[in-house]
Amino acid sequence: MVTLEVSDAGAYFWNREPISAAEIEPRLHTYKSSVANPRVLVAGDNRAHFGPTVFALDQIRKEGIEQVSIETRVREQGK
């Protein structure tokens with residue numbers, strides 16, 4: 001499973017590695033191509049905004065990844 005985290009500043013993290021918004025789609029594509037059953041956990045820190053989170057969810061949907069979870073617990077940015 002891949003964790004895609006959104007911070008309060010609209011920054012993205014791929015398994016704790018900082019990435020840009022433009023990197024999300026190609027990473028999802030590569031991940032989906034290399035794994036038989038791709039799963040993504042979307043997580044946000046305790047102050048993440050709705051807009052960047054929806055952007056991440058839209059990228060996952062566009063790539064056709066169906067197994068998506070959303071983490072609701074509070075975590076520090078990038079952790």
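Start by selecting Glu-17: Glu-17 is partly exposed, with a relative accessible area of 39%. Here, buried means under 20% relative accessible area, exposed means over 50%, and partly exposed lies in between (1.4 Å probe, protein chains only).

Before moving on, note that this is a predicted model, in which local features need pLDDT of at least 70 and side-chain atom pairs count only at pLDDT 80 or more, while totals for chains, interfaces and linings use all residues. Residues are numbered from 1 along each chain as its sequence is written, and side-chain values use heavy atoms, with hydrogens and water left out.

**Stop 1: Glu-17 and Arg-27**

What do the side chains of Arg-27 and Glu-17 meet in? They meet in a salt bridge, 2.9 Å from N to O. A salt bridge is a side-chain nitrogen of Lys or Arg within 4 Å of a carboxyl oxygen of Asp or Glu. Arg-27 lies in helix α1 and Glu-17 in strand β3 (residues 17-19), so the pair ties together parts that are ten residues apart in sequence. Helices (H or I, at least four residues) and strands (E, at least two) are DSSP runs, numbered from the N terminus. Arg-27 is partly exposed, at 22% relative accessible area.

**Stop 2: Glu-23**

Keep Arg-27 and select Glu-23. Their side chains also form a salt bridge, 3.7 Å from N to O. Both sit in helix α1, four residues apart, and about one helical turn separates them. Glu-23 is partly exposed, at 29% relative accessibility. Now show Glu-17 again: Glu-17, Glu-23 and Arg-27 are linked in a network of salt bridges.

**Stop 3: Arg-61 and Asp-58**

Move to helix α2, where Arg-61 and Asp-58 lie three residues apart, about one turn of the helix. Arg-61 forms a salt bridge with Asp-58, and the closest N and O atoms are 3.9 Å apart. Arg-61 is exposed, at 54% relative accessible area. Asp-58 is partly exposed, at 31%. The whole structure holds three salt bridges.

**Stop 4: the two helices**

Select α1 (residues 21-34) and α2 (residues 50-63). Their axes come within 10 Å and cross at roughly 35 degrees. Axes are lines fitted to C-alpha atoms, for helices over the stretch in contact, and angles run from 0 to 180 degrees between N-to-C directions.
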